[in-house]
Amino acid sequence: MRNRDTTMRHATLTAVALAATLLLAACTGHKKDATQAAARVDGAEITVHQINYRLQRERGLRPEQQDAASHKILEQLIDEQLLVEKAEKVKMDQEPGAQQAVDAARREVLARAYMEQSAQSVPAPTDAAVHAYFEDNDALFAHRRVYTLQEYLAKLPEDRIPALRALVEGGKSPAEVEAWFKAQGVQYRGQETTQPAERIPLNSLKTLATIPDGHGLVVSAGTQVHVTYVASSVLAPVDYARAKPVISQFLSVEARRKATEGNLGALRSVAKVTYAAPYQALAVSASTFSIRDVEAASHAVEASGTRVSLPTVASSGVQISLPAATATSGVRVSLPSQPASRVEVRLPPPPSGDATKK
């Protein structure tokens with residue numbers, strides 16, 4: 001059994017390498033005269049395009065390291081080709097595990113290639129857009145600070161949270177809050193960290209920037225409580241000249257992400273997607289925006305029925321299919337501030353014997 005497991009692992013690794021090689025060849029073109037051979041392994045070409053493809057994915061590679069890296073990559077490609085040839089001779093590529101790995105690699109590479117291609121047409125952000133972002137986020141730039149934070153994480157009954165909030169917002173010190181935790185028999189964890197503004201989530205930063213040194217705030221979710229004190233802060237502004245390239249890169253990435261998600265939304269809006277029985281619950285959150293947007297959406301079940309809140313920005317179409325449990329309870333759909341051009345809510349059929357009300 002161990003030998004078979006080892007064989008399967010080798011087959012899977014080989015299959016991934018084989019899939020990547022095949023897909024790379026497809027992406028770089030089918031014409032032989034369009035390639036330049038760097039080496040041949042039993043007649044099979046290792047091309048300069050393959051070397052350059054891998055070089056592009058080397059992070060932080062300096063110009064003077066290019067030649068050495070190219071030689072190392074070429075040797076790796078030769079080793080991979082030898083492994084692929086051997087795997088094919090012993091028919092490892094026909095093993096179920098290897099075939100699944102090839103299929104998974106093919107799907108992933110093609111999907112990523114299409115997304116990258118669809119984002120290439122996105123224009124660079126304008127100077128006006130970059131400057132507007134700089135002005136709108138002064139806590140990151142003109143009024144940037146480096147914060148020393150005293151934080152506490154605790155879990156306590158919801159009816160005690162207002163008392164804690166009153167203590168913190170009333171100006172009580174961290175030591176007094178710790179004493180309150182102990183008096184209440186609440187377990188807590190405290191830590192002190194130093195964080196520059198850019199390391200703090202933007203929504204939190206905008207609130208934190210308004211808090212004077214020595215004061216704090218309380219954020220709660222259910223019984224989970226997060227207390228943050230600004231122990232001290234040091235002004236460390238970033239001027240527009242230094243910020244401009246960083247903002248431009250950020251806005252470019254965001255624009256490409258939105259274009260990709262919009263493209264995916266358009267594809268979903270015309271596709272027919274059905275879920276098997278064990279995955280029917282996913283149909284509630286299936287829509288024309290990405291999985292990350294779906295996770296950001298709020299799907300809260302209320303006593304009066306089901307409430308579905310869409311993300312702030314939706315794509316060209318949204319489709320929501322509700323399970324049978326909500327048929328008689330009522331449904332409330334909250335649209336985003338920039339709604340989709342089409343929102344379709346599919347209700348389940350009423351239970352047998354119920355009259356359909358119009």
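Predicted model: local features only at pLDDT ≥ 70, side-chain atom pairs only at ≥ 80, totals over all residues.
Figure 1. Of its 358 residues, 31% count as buried. Take the contacts in the protein with a separation of 6 or more: residues 24 or more positions apart account for 70% of them.

**Figure 2. Four strands form an open sheet.** Follow the strands across and you will meet them in the order E4-E3-E6-E5, with antiparallel pairing. Strand E4 (188-196) and strand E5 (216-221) are the edge strands, and each of them pairs on one side only. From one strand to the next, the twist averages 20 degrees. If sheets are new to you, here is a handy reminder: strands of a sheet pair through backbone hydrogen bonds, either parallel or antiparallel.

**Figure 3. A closer look shows E3 and E4 paired in the antiparallel sense.** Nine bridges join these two strands. To pick out one of the pairs, find Leu 149, whose bridge partner in E4 is Thr 193.

**Figure 4. Helices H6 and H7 lie across strands of the sheet.** Helix H6 (residues 161-169) lies across E5 and strand E6 (224-235), and runs at about 160 degrees to E5. Helix H7 (residues 174-184) lies across E3, E4 and E6. The angle between H7 and E3 is about 10 degrees.

**Figure 5. Gln 150 sits in strand E3 (residues 145-155).** Is this Gln 150 buried or exposed? Gln 150 counts as buried because its relative accessibility is 15%, and the cut-off for buried is under 20%. Leaving aside neighbours within four places in sequence, Gln 150 is in contact with Pro 174, Gly 190, Gln 191, Glu 192, Val 227, Thr 228 and Tyr 229.

**Figure 6. Tyr 114, Leu 264 and Leu 267 form a nonpolar patch on the surface.** Together, these three residues have about 270 Å² of accessible area. Tyr 114 belongs to helix H4 (residues 96-119). With 41% relative accessibility, Tyr 114 counts as partly exposed, because that value falls between the 20% and 50% cut-offs.

Conventions
Residues numbered from 1 in each chain as written. Heavy atoms only, no water. Buried < 20%, exposed > 50% of the residue type's maximum accessible area, 1.4 Å probe, protein only. Contact = heavy atoms within 4.5 Å. Patch = residues over 30% accessible without salt bridge, like charges linked within 9 Å, V, L, I, M, F, W, Y side chains within 5 Å. Areas by Shrake-Rupley, 256 points an atom, 1.4 Å probe, with all protein chains shown as cover. Salt bridge = Lys/Arg side-chain N within 4 Å of Asp/Glu carboxyl O. Pairing = 2+ DSSP bridges. Axes fitted to C-alpha atoms, helices over the stretch in contact; angles between N-to-C directions.
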